Amino acid sequence: GTISITRLENDNSVLRKMFLHKNYRGQGIAVLLLQNIVNWANDNNVNSIYLGTMAQFTTAQKFYERQNFKQIDKERLPNDFPLNPIDSIFYKLNLIPSLK
């Protein structure tokens, strides 16, 4: 599996890539990968993690929602969010309790 995060302005970040080979899905590995990113973000004073995904990736959407990501409108993305033209669904995870 692989996962990556990019730091944005204003203590935000974007989950750039998350992939787990199909033979390893459903074993909790994706949760561990994401938890490593969240731990890094907390250690580095990141307030929020954003991501974009394609509409047909419903399994990924359900995964992110189970991990407390909230779907947001495109207009609510940070100005420096690197838009991918094929993404149509966007999520945000607040890491600071006052932002929840």
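**Sheet architecture and overall dimensions**

An open sheet of 5 strands, with mixed pairing, is arranged in the order S1-S2-S3-S5-S4. Its edges are formed by strand S1 (2-7) and strand S4 (70-72), each of which pairs on one side only. From one strand to the next, the twist averages 30°. The model described here is predicted.

Within this sheet, strand S3 (residues 48-53) and strand S5 (residues 89-94) run antiparallel and are joined by 6 bridges. In this pairing, Thr-53 of the protein chain stands opposite Ile-89 in S5. Helix H1 (residues 29-43) lies across S1, strand S2 (12-19), S3 and S5; relative to S1, the helix runs at about 20°.

In total, the protein chain comprises 2 helices and 5 strands, which follow one another along the sequence in the pattern β-β-α-β-α-β-β. The radius of gyration of the protein chain is 13 Å, close to the 13 Å given by the globule rule for 100 residues, so the chain is as compact as a globular protein of that length. The C-alpha trace spans about 40 × 30 × 20 Å along its principal axes.

Among contacts in the protein chain with a separation of 6 or more, 62% are accounted for by residues 24 or more positions apart. Of the 100 residues, 38% count as buried. The protein chain exposes about 6500 Å², of which carbon and sulfur atoms supply 46%.

Methods. Residues are numbered from 1 along each chain as its sequence is written. This is a predicted model: local features need pLDDT of at least 70, side-chain atom pairs count only at pLDDT 80 or more; totals for chains, interfaces and linings use all residues. Side-chain values use heavy atoms; hydrogens and water are left out. Two strands pair if DSSP finds at least two bridges between them. Helices (H or I, at least four residues) and strands (E, at least two) are DSSP runs, numbered from the N terminus. Axes are lines fitted to C-alpha atoms, for helices over the stretch in contact, and angles run from 0 to 180 degrees between N-to-C directions. Contact means heavy atoms within 4.5 Å. The radius of gyration is taken over C-alpha atoms; the globule rule is 2.2 Å times the number of residues to the power 0.38. Buried means under 20% relative accessible area, exposed over 50%, partly exposed in between (1.4 Å probe, protein chains only). Accessible areas come from the Shrake-Rupley method with a 1.4 Å probe; for residues, only the protein chains shown count as cover.
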